[in-house]
Amino acid sequence: MMNRKLYSLIIILVTGGTLYFSSQNTSSKGLRDYPSVSRLLEFGKKDSLAAKRNQDSLNRATAEALNSNVIDSFFKVMAHRQRFNGNVLIAHSGKVLFNGSFGFANYRKKTELNDSSEFQLGSVSKQFTAVAIMMLKEQGKLTYDDSVQQYFPDFPYSGITIQMLLDHRSGLPNYMYLCSSVCKNSNDLIDNMDAMDCLIKHKPPRYFRPNLRFNYSNTNYCVLAAIVEKVAGRSFSAFMKENVFTPLHMDHTYIYDKNDTAIPNRVQGYNANYNRSGIDFLDGVAGDKGVYSTTSDLLKWDQALYTNTLVKQTTLKEAFQPHGRWVRGHNYGYGWWLTTFGGDTLTYHDGWWHGFNCTFIRDIKYHNTIIVLSNHVNWCIHQSRQILNVLRSSLKEDVDKNNDNEVSDEDSTEKASAMQ
């Protein structure tokens, strides 16, 4: 059977040729001229482009529908076989391809999870802390080379800069071990300033001299949040609400504050054996953890990171660059893990704390987003990275076109700047 596009082109050429010769024979008699062949062919080209766009749109919609079914089946199998319990959101270029809830917010009451269910993010919170520091840097209120002792003169560890805190090269001891030892009988929540006072008072030995090597530590981001409080003159939770959560309309996102513990949509966290996990005295410390959010709010955050809404892209770019040696395909930026995947670099972070674990993956090159929040600790959630293979294979052509257009726009901007 003849190709439809070829058949349409032949019809256009035949019709155009007939009209062309007809116009040549009749125009001298004072009759109206018919359109030239070139104009007809141009019309045919536009029509073909429109048809192609419609076909591309149909192909994309079909791919998205298939992806949604694949993703749904993927997590249903995890829920059935591996006891996954939580919320999932998968998006491409900000468009939600899948949004689903699996299981209960509270097992005893059999309360089902929904879009408004708020989960503790654990260490995924670190990316928010890093951006808070970047915001203050852009405002000229601090620099990455500032030492901790500029803000806390009694801090017993010299030579540690803000940058060393951001990329985990400070060598600081673990504040959780220290505070658990000296505050083990405390029923009161401590906060960041309490943790700083504890480090200053007890002076546990550092693990190694500053900037010697990488060592992932919650202490680094606890100290960063304390610096934000010192510079901003208000609590870390208030700073984040005013400068990040409210501007981005993240209405279900907040930082757990020991002075404001009401969490209306907070789901119950469960350990691997379904034992309830509660709040303890360390929950008042933020920066390394402490952010509660929903999948929909995290997508708003994800999309904001493609813009200059919070900080400039040039500033944010540093967060997604490796700041040390690659070890087994992994590195660290500022508040983000980096890992190799399919010949590219993925930007992600996992989190775990008190019955919650989650993963947040940004496939920046292909504009794919995977957000998985669980209130039943289960490491099966890391299998969700496999979904990227499905998204990349079905949406690659569309993404490559957008990347080509972005490159063309950049080239045009550079040429225009050169001419000026």
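This note sets out numbered points on a predicted model of a protein chain.

1. Overall composition. The protein chain has 420 residues, of which 47% count as buried. Its secondary structure comes to 11 helices and 14 strands. Among contacts between residues at least 6 apart in sequence, 69% join residues at least 24 apart.

2. Helix H6. This helix spans residues 192-202, and its buried residues are Asn192, Ala195, Met196, Cys198, Leu199 and Ile200. The cover over these buried residues includes helix H5 (175-182) and helix H7 (218-232). At the start of H6, Asp191 places a side-chain oxygen within 3.2 Å of the backbone nitrogen of Met193. Beyond the helix comes Lys203, with a positive phi near 50°.

3. Strand S12 and its neighbour S11. Strand S12 (residues 344-353) is mostly covered, with seven of its 10 residues buried. Strand S11 (residues 337-341) pairs with S12 in the antiparallel sense, and the pairing runs over five bridges. Phe341 has Asp344 of S12 as its bridge partner. Two residues lie between the strands of this hairpin, and Gly342 there takes a positive phi near 55°.

4. Strand S12 and its neighbour S13. Strand S13 (residues 356-363) also pairs with S12 in the antiparallel sense, here over seven bridges. The bridge partner of Gly351 in S13 is Cys358. The hairpin of S12 and S13 again has two residues between the strands, and His354 takes a positive phi near 45°.

5. An open sheet with antiparallel pairing has the strand order S5-S9-S6. Strand S5 (119-120) and strand S6 (254-255) stand at the edges with a single partner strand each, so one side of each is left without a neighbour in the sheet. The pairing of S6 with strand S9 (residues 291-293) is antiparallel and runs over two bridges. In S9, Tyr292 is the bridge partner of Tyr254.

6. The cavity. The count comes to one cavity of 30 Å³ or more. The volume of the largest cavity is about 40 Å³. Its lining consists of Gln120, Arg266, Ser277, Gly278, Ile279, Asp283, Tyr292, Trp353, His354 and Phe356. By class, this lining has four nonpolar, four polar and two charged residues.

7. Tyr334. This residue lies in the loop between strand S10 (330-332) and S11. Is Tyr334 buried or exposed? Tyr334 has a relative accessible area of 1% and is therefore buried, the cut-off being under 20%. Leaving aside residues up to four places away in sequence, Tyr334 touches Ala130, Met134, Tyr144, Gln163, Leu166, Asp167, Tyr221, Glu318, Ala319 and His323. The C-alpha atom of Tyr334 is separated by 8.1 Å from that of Gln321, which is 13 residues away along the chain.

Key
Residues are numbered from 1 along each chain as its sequence is written. This is a predicted model: local features need pLDDT of at least 70, side-chain atom pairs count only at pLDDT 80 or more; totals for chains, interfaces and linings use all residues. Side-chain values use heavy atoms; hydrogens and water are left out. On a 1 Å grid over the protein atoms alone, a cavity is a set of points where a 1.4 Å probe fits but cannot get out, and a pocket is an open set with protein on both sides within 12 Å along at least five of seven lines; lining residues have an atom within 4 Å of a point. Grid points are joined across faces, edges and corners, and a volume is the space filled by probe spheres set on the points. Ala, Val, Leu, Ile, Met, Phe, Trp, Tyr, Cys and Pro count as nonpolar, Asp, Glu, Lys and Arg as charged, and the others, Gly among them, as polar. Buried means under 20% relative accessible area, exposed over 50%, partly exposed in between (1.4 Å probe, protein chains only). Helices (H or I, at least four residues) and strands (E, at least two) are DSSP runs, numbered from the N terminus. Contact means heavy atoms within 4.5 Å. A polar contact is a pair of N or O atoms within 3.5 Å; within protein, one must be able to donate a hydrogen and the other to accept it, and residues adjacent in sequence count only if both atoms are side-chain atoms. Two strands pair if DSSP finds at least two bridges between them.
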